[in-house]
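Please look through the structure below.

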Amino acid sequence: MRTALAALFLAALLTPALASADSAISPRPEQLAFPALNYQPPNPADYRVQLKSGPVVYIMPDHELPLVNIAVYVHVGQYLEPAGKEGLAELTGWLMAHGGAGTNTAEQLEERLAFLAANLSCYIGDTEGSVSLNLLSKDLDEGLGIMRDVLYAPRFQDDKIKLRKDQMLQEMKQRNDDSADIEGRESGFLTEGENFWENRYPTAASVDSLTRDDLATFQQRWFVPQNFVVAVSGDFDRDAMIAKLETLFARPSGGEFTPPPVIPTNTVFAAPGIYVVDKPDVNQGRVSMMLPGMLRNNPDYFPAIIMNDILGGGGFSARIVNRVRSDEGLAYSAGSRFPGGVYFPGVFTAAFQSKSRTVPYAISLVEDEMNKIVAQPVTAAELDASKQSFIERFPRTFATKIQSANTFAQDEFTGRYVSDPDYWKEYRSRIAAVTAADVQRVAEKYLHPAQMVILVVGNKKDILLGYPGHPVQLSDLGKQVDVPLRDPLTMQPLTNAPAQ
């Protein structure tokens, strides 16, 4: 009885408050109102330091955790490999982190890093190399000493060279195992050309030819302070860190530095058609539908990313996803991307995976959606939702000091800081300025289904059968070109050989 009376008394007290709260809550989610987000991104100039020893550094103290993060970006990459030495960049990057440095053997370096609970990594990719270190701030001095050895005095231990070369050979042998790997590789050949530098893959012969002298010469040529851009964040005093970095990057005496050559941009896009790679052992076809794109500094860039977001890049709200996945149930994964290239134009790609026999019909649906966005303006609701998604996600770019420092360092590295210093400051206003007419204009300019290069990787026999009830055949969609698999160890096309 006492409990019941207490409950009634409490309800009487709370009823006016609850009624007042209810009156302030909108009856439907879409009617909820929120105050405008007032956010300003950090100004890169506030964190930019030109070191006397050569590198530009973006330095951002952050005392929330007792950690320090250092990333050294290096103007080096696969494009600098001599002919016949493909794999040199990858092997050099791996061994700088795993082949010993300074007075430490590979085993001693690994043990010391484990003792410090430090994470050291190094890689060399297509157009960029990186050496990064994460460790406790109390161990900073020792960590900087290790990083200096890795940058300037890697040992390239012989047994580690053999280990990594063996690993690379084993990875090559698996090149035709996964249809996704085949798709990624052949799409590059189709959109950049057989002779473009990015399509020069390591072979068994090129990796076997690599010597310790090759590694040392390549590393010494490009790992010099004038070739670095650095991002530093974490628990430290700013002025003290600058002094430590001057010491870190003060390079031992060497020859005069010559900047790396300009990255080649002589891409060649394939003729329109449907390029088929036969892989009989899979029951799904992987499809990439590709068109020439643009550089990221193109005036059309912002309308293009909104257009792509509505067409296929925006997840479950995108048209391609709704049509191919939700409405027809032909693919679990479907969508499109339209990246702006940094050094040479990016590629517009609409992609999906579908059962072999439904591949032709799914291609026709994607083409239909491309034609629709060209023919008619997008709706006001689509345009607003897309623009708001970019604007509201914008602060995530600078959610932490390490993200901010690395973002600014990448802008410095790729030249955006000089060419477009207000990029982040004006990002949201440029997005907000995009109109439905802008979206349709860039769609008309860049989306030409008749000019598409369509890559299909899968069971050719089943794909050519088509699907009952869907009167679409692959032959209806364009000229078919058979693309042979490549020998995994030589990367030469296989002729008169069964697909693997």
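Tyr201 counts as partly exposed because its relative accessibility is 26%; buried means under 20% relative accessible area, exposed over 50%, and partly exposed in between, with a 1.4 Å probe and protein chains only. This is a predicted model, in which local features need pLDDT of at least 70 and side-chain atom pairs count only at pLDDT 80 or more, while totals for chains, interfaces and linings use all residues. Residues are numbered from 1 along each chain as its sequence is written, and side-chain values use heavy atoms, with hydrogens and water left out.

The whole structure holds 24 aromatic pairs. Rings of Phe, Tyr and Trp (its six-membered ring) pair if their centres lie within 6.5 Å; planes under 30 degrees apart count as stacked, over 60 as edge-to-face and the rest as tilted. Phe189 and Tyr201 form a tilted pair, 5.9 Å centre to centre with 40° between the planes. Phe189, at 7% relative accessibility, is buried. Arg486 lies over the face of Phe189, 3.7 Å from the ring centre; a charge sits over a ring if NZ of Lys or CZ of Arg is within 6 Å of the ring centre and within 35 degrees of the ring normal.

Ser206 is also buried, at a relative accessible area of 2%. The side chain of Ser206 reaches the backbone nitrogen of Thr203 at 2.9 Å. Leaving aside residues up to four places away in sequence, Ser206 touches Gly84, Lys85 and Glu86, where contact means heavy atoms within 4.5 Å.

Key:
Polar contact = N/O pair within 3.5 Å; in protein donor to acceptor, adjacent residues only side chain to side chain.
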